[in-house]
Amino acid sequence: AQAASYLSVGYFNGGGDVTAGPGGDINKLDVTQITHLNYSFGLIYNNEKKETNPALKDSAHLHQIYLSPKVESDLKLLPVLRKQNPALKVLLSVGGWGARGFSGAAATPESRAVFIRSVQDVINKYQLDGIDLDWEYPVNGAWGLVESQPADRDNFTVLLRELHQALDKDKLLTIAVAASAKSPQEWLDVTAIAPYLNYINLMTYDMAYGTQYFNSNLYDSKQWPTVAAADKYSADFVVNNYLAAGLKPAQLNLGIGFYGRVPKRATEPGIDWDKADAAKHPVTQPYFTEHEKGIFKSLGVDLEKDTYIKYNDIVSKMLQDPQQRFSEHWDNDAKVPYLMMRSAAGKPVFAVSYENPRSVAIKADYIKGKGLGGAMFWEYGADDENRLAQTLAETLGINTLKK
Ligand code: NAG
């Protein structure tokens with residue numbers, strides 16, 4: 001029997017994803033550590049009222065893919081990357097957190113035809129191996145951040161079917177899907193779309209909301225439990241939800257965050273929806289004061305805006321903090337590291353949950369144990385000297401050219 005070969009699909013924020021910040025330097029990417037590069041992001045020209053990017057409002061291009069000047073110039077450098085790894089597959093990822101225009105583009109036969117034509121043009125122009133759609137999220141619209149409608153679920157199925165039919169057979173068609181338990185049930189018709197997709201990237205991260213401490217725990221933590229059942233998440237729980245909905249493990253890639261988050265509950269009440277007096281429940285009260293928020297602010301993390309911290313910043317600013325204000329810990333149930341800091345009163349408090357080479361290696365073993373297709377990660381520009389990507393490549397047995 002032939003040994004399984006796993007995928008390592010690396011997203012790279014080249015063009016200013018809202019969360020990850022300005023686009024990274026494509027010349028610094030080591031593409032020998034990955035099998036697939038999901039260059040991020042292409043956006044969609046749209047007519048949503050809340051669109052703030054004037055470039056996307058050009059009605060002559062409605063429902064087409066928009067590439068920023070930075071993205072266009074990066075895509076022209078792809079032949080250089082392909083020389084470094086001739087087996088590399090390169091996809092343009094369209095969408096991302098807060099990206100508008102999917103609901104409209106998927107809505108009618110005419111709008112879908114415009115979008116699909118634009119996908120074909122972009123693939124041809126930059127000689128891409130395929131397209132990845134990161135619609136966050138059909139039906140739900142990122143809780144009202146972007147436009148959505150109940151028909152998104154079926155419209156997305158039709159869009160993927162038509163795209164699959166339109167693309168040359170050697171081109172890849174993939175999507176990224178939410179960790180939410182609602183996603184495989186209410187937002188996507190997973191068994192209907194599966195035949196059109198080469199693989200599905202599970203965004204098994206961004207879980208440190210509500211009453212949960214961890215961003216991307218593999219299993220539930222006992223030491224730092226999630227109080228409300230509704231926001232009790234783990235990567236394993238998400239994988240099992242998609243499998244239970246009828247997908248095959250080999251079609252799923254486990255998402256790994258090359259970043260950490262300060263739990264949202266540090267700065268706002270983690271509501272326990274099961275309790276009538278939830279907002280007053282002592283266990284869900286925010287536990288950061290101005291002291292802790294001030295330390296993060298001095299390190300460039302404004303917790304009023306976002307809780308996201310790149311792994312390379314966690315290493316250089318927190319693990320190597322000259323003042324040693326953070327201590328490193330390991331949760332042996334969650335299988336991820338976390339940082340604690342001291343409150344103004346000298347009490348240790350939970351500060352950041354993240355991934356490191358140890359947790360990434362454990363996730364790679366999990367991928368093999370579950371028979372998944374491989375790993376996906378967000379995003380390469382946040383890695384520390386390619387250490388996390390390298391750990392994945394080594395643990396998954398990806399044939400890296402440079403050794
Ligand atoms: C997802 C988005 C990305 C965002 C990241 C971190 C992917 C493929 N897409 O919501 O735009 O920055 O998570 O929150 O990860």
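**Close-up views of a predicted model**

**View 1. The largest cavity and the residues around it.** The largest cavity in this predicted model has a volume of about 60 Å³, and the count of cavities of 30 Å³ or more comes to one. Its lining is made up of L133, W135, Y137, P138, F156, I175, A176, V177, A178, S183, W187 and L188. What kinds of residue make up the lining of the largest cavity, nonpolar, polar or charged? The residues divide into 11 that are nonpolar, one that is polar and none that is charged.

View 2. A polar side-chain atom of D206 lies 2.7 Å from an oxygen atom of the ligand, and an N or O atom in the side chain of E136 is 2.8 Å from an oxygen atom of the ligand. For T19, the distance from a polar side-chain atom to an oxygen atom of the ligand is 3.4 Å. On its own the ligand has 370 Å² of accessible area, and the protein covers 98% of it.

View 3. Most residues other than glycine have a negative phi, and most peptide bonds are trans. E136, however, is joined to Y137 by a cis peptide bond, with an omega of about -10 degrees, and Y137 is found in the loop between β5 (130-134) and α5 (141-144). Y137 is also among the residues that line the largest cavity shown in View 1. D206, which is not a glycine, has a positive phi of about 60 degrees, and its place is in the loop between β7 and α9.

**View 4. A cis peptide bond between W378 and E379.** The peptide bond that joins W378 and E379 is cis, and its omega is about -10 degrees. Where in the chain is E379 found? E379 is in the loop between strand β14 (374-378) and helix α13 (387-396).

**View 5. An aromatic pair, F214 and F350.** A search of the whole structure finds 28 aromatic pairs. Why is the pair of F214 and F350 described as edge-to-face? The centres of the two rings are 5.2 Å apart and their planes stand at 90 degrees, so the pair is edge-to-face, planes over 60 degrees apart being counted in this way. The pair links distant parts of the chain, since F214 is in the loop between β7 (199-202) and α9 (235-244), whereas F350 is in strand β13 (residues 348-353), 136 residues apart.

How values were computed: Residues numbered from 1 in each chain as written. Predicted model: local features only at pLDDT ≥ 70, side-chain atom pairs only at ≥ 80, totals over all residues. Heavy atoms only, no water. 1 Å grid on protein atoms, 1.4 Å probe; cavity = no way out; pocket = protein on both sides within 12 Å on 5 of 7 lines; lining within 4 Å. Points joined across faces, edges and corners; volume = space filled by probe spheres on them. Nonpolar A, V, L, I, M, F, W, Y, C, P; charged D, E, K, R; others polar. Polar contact = N/O pair within 3.5 Å; in protein donor to acceptor, adjacent residues only side chain to side chain. Areas by Shrake-Rupley, 256 points an atom, 1.4 Å probe, with all protein chains shown as cover. Phe/Tyr/Trp six-rings, centres within 6.5 Å; stacked < 30°, edge-to-face > 60°. Helix = DSSP H or I, 4+ residues; strand = E, 2+ residues; numbered from the N terminus.
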